[in-house]
Amino acid sequence: MFDNLSEKLDKALHSLKGHGQITEINVAETLKEVRRALLDADVNFKIAKEFTNKVKDKALGQNVLTTLQPGQLMVKIVKDELTELMGGETEGIDLSGNPSVILMSGLQGSGKTTFSGKLANFLKNKKSKKPLLVACDVYRPAAIDQLHVVGEQIGVEVYSDRENNDPVAIAKAGIKHAKSLGCNVVIIDTAGRLAVDEQMMNEIANIHKAIEPQETLFVVDAMTGQDAVNTAKAFNDVLNFDGVILTKLDGDTRGGAAISIKSVVNKPIKFIGTGEKMEAIDVFHPSRMADRILGMGDVVSLVERAQEQFDEEQARKIQKKIAKNKFGFDDFLSQIQQIKKMGNMKDLMGMIPGVGKAMKGLDIDDDAFKHIEAIIHSMTPDERSTPSKLNASRKKRIAAGSGTSIQEVNQLLKQFDQMSKMMKMMQGGGGKKMMQMMQNMR
């Protein structure tokens, strides 16, 4: 995400490197390129101009510290202003109601129904809530079916009434049903249209008035760029919503919506969608997003995702197996599953400082582990627990069964053996030996 914007901003800010001091001339040249990069990312012209004017005033209004080069100072100023432009502080979600009612709004195709499920999954697993999904799209039976499929997938009940064409009545009945079940969060998925129209606006305004939700969230497709910002303004004029959700940020989005939506509607971005899986939802942190846009990575979010998937009991079992030289392919497979749960692989790699730039143009398949899993699944339980038994004939059978080559099977066995040795050294504190081994692996 933001690949083009990151590349262009890096190029613009790079022009200041090597200069001994900040001057009006080199700042003007740099900010001309920064403004062009923002416009190419589909940021509104007025917002891009105001942004670069603020950066210019700050850059010319202070002396370069002895520890900072002009280029470093400009990066810091741009980062601070980007953070402020996208909202400054991280905004939470109001869950004070009993039950807390969350009204979802947005155009058809924005990912509203899917994100309703992601939000329910997030609140269930990370906030220990008991959510209920309510299907209020009375125009598209497929939307009701979709919500039921999503609910079943994440283990959350869905309330719908296919015989009723009144979304206000369905929403009220859904809240009543939630109370009877002891649910403490109700997420109401409303109907969308292909474009903003009076009927849709009146309908969602009536639902909003009738149920008085704690949170009204506007879901918008980040890939629609400036159109997303204009649609958000139209919805906000009617609903006065509480926050924005940006979906499809894992796609080839230019980023204009994420950067400028806060300054247009004066409402915070609360969540972002980063993939198709139900776990692909992140709280929006303006400062972390600014870091990623400027190619600085986002180590904090990466660590948080890793911690979410960390199983302490499983880790203890694996440590014991490593100590006894019993670490097998089943254990290796479980580690792969944990990594996959962390999210989109390219997105994860982009969180590591400097890696995003190095991956420019590379296509990292989300199924990067697919052939490894196929090889392991083609082994017998005995072979998975005791890899030393894999002789030539067994490797040939495994290669045929997994649709891979004997060379690929050998490569996996070699990598597994190196990783097992490394894990044992790490556990035993053999840092020096491990460094030597890493040198040999190159």
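Which residues have the most contacts inside the largest nonpolar core? They are Ile188, Leu246 and Ile259, in a core of 66 residues. The structure is a predicted model, in which local features need pLDDT of at least 70, side-chain atom pairs count only at pLDDT 80 or more, and totals for chains, interfaces and linings use all residues. Residues are numbered from 1 along each chain as its sequence is written, and side-chain values use heavy atoms, with hydrogens and water left out.

**Overall picture and confidence**

- The protein chain has 21 helices and eight strands, where helices (H or I, at least four residues) and strands (E, at least two) are DSSP runs numbered from the N terminus.
- Of the 442 residues in the protein chain, 47% are buried; buried means under 20% relative accessible area, exposed over 50%, and partly exposed in between, with a 1.4 Å probe and protein chains only.
- Among contacts (heavy atoms within 4.5 Å) between residues at least 6 apart in sequence, 72% join residues at least 24 apart.
- The average pLDDT, the predictor's confidence in each residue from 0 to 100, is 77 for the protein chain, and 75% of the residues score at least 70.
- Over residues 429-442 pLDDT stays under 50, and the model has 12 contacts beyond four places in sequence for this stretch.
- Where pLDDT is low, the predicted coordinates should not be read in detail.

**Nonpolar cores**

- A nonpolar core is a set of buried Ala, Val, Leu, Ile, Met, Phe, Trp, Tyr and Cys residues joined through side-chain atoms within 4.5 Å.
- In the largest nonpolar core, of 66 residues, helix H4 gives the most, with six residues.
- Apart from this core lies another, of 25 residues, including Met104, Ala135, Leu147 and Ile187.
- Beyond its neighbours within four places in sequence, Ile259 is in contact with Leu5, Leu38, Val43, Leu82, Leu85, Met86 and Ile293.

- Glu81 belongs to helix H4 (residues 70-85).
- Glu81 is buried, because its relative accessible area is 8%.
- Not counting residues up to four places away in sequence, Glu81 touches Phe51, Lys54, Val55 and Lys58.

**Aromatic rings**

- Rings of Phe, Tyr and Trp (its six-membered ring) pair if their centres lie within 6.5 Å; planes under 30 degrees apart count as stacked, over 60 as edge-to-face and the rest as tilted.
- The count by this rule is five aromatic pairs.
- The Phe122 and Phe271 rings are edge-to-face, because their planes lie at 75 degrees, with the centres 5.3 Å apart.
- This pair links distant parts of the chain, 149 residues apart: Phe122 is in helix H5 (residues 112-126) and Phe271 in strand S7 (residues 269-273).
- Phe122 is buried at 7% relative accessibility, and Phe271 is buried at 3%.
- Phe329 and Phe416 form a stacked pair, 4.1 Å centre to centre with 25 degrees between the planes.
- Phe329 in helix H14 (residues 329-341) and Phe416 in helix H20 (residues 406-428) are 87 residues apart.
- Phe329 is buried with a relative accessible area of 0%, and Phe416 with 5%.
- Phe115, Phe122 and Phe271 form one aromatic cluster.
- The charged end of Lys267 sits over the ring of Phe241, 5.5 Å from its centre; the rule asks for NZ of Lys or CZ of Arg within 6 Å of the ring centre and within 35 degrees of the ring normal.

**Annotated segment**

- The unreviewed UniProt entry places the feature "domain: SRP54-type proteins GTP-binding" at residues 268-281; such annotations may be inferred rather than shown by experiment.
- Over residues 268-281 the chain is 0% helix and 43% strand, with the end C-alpha atoms 16 Å apart.
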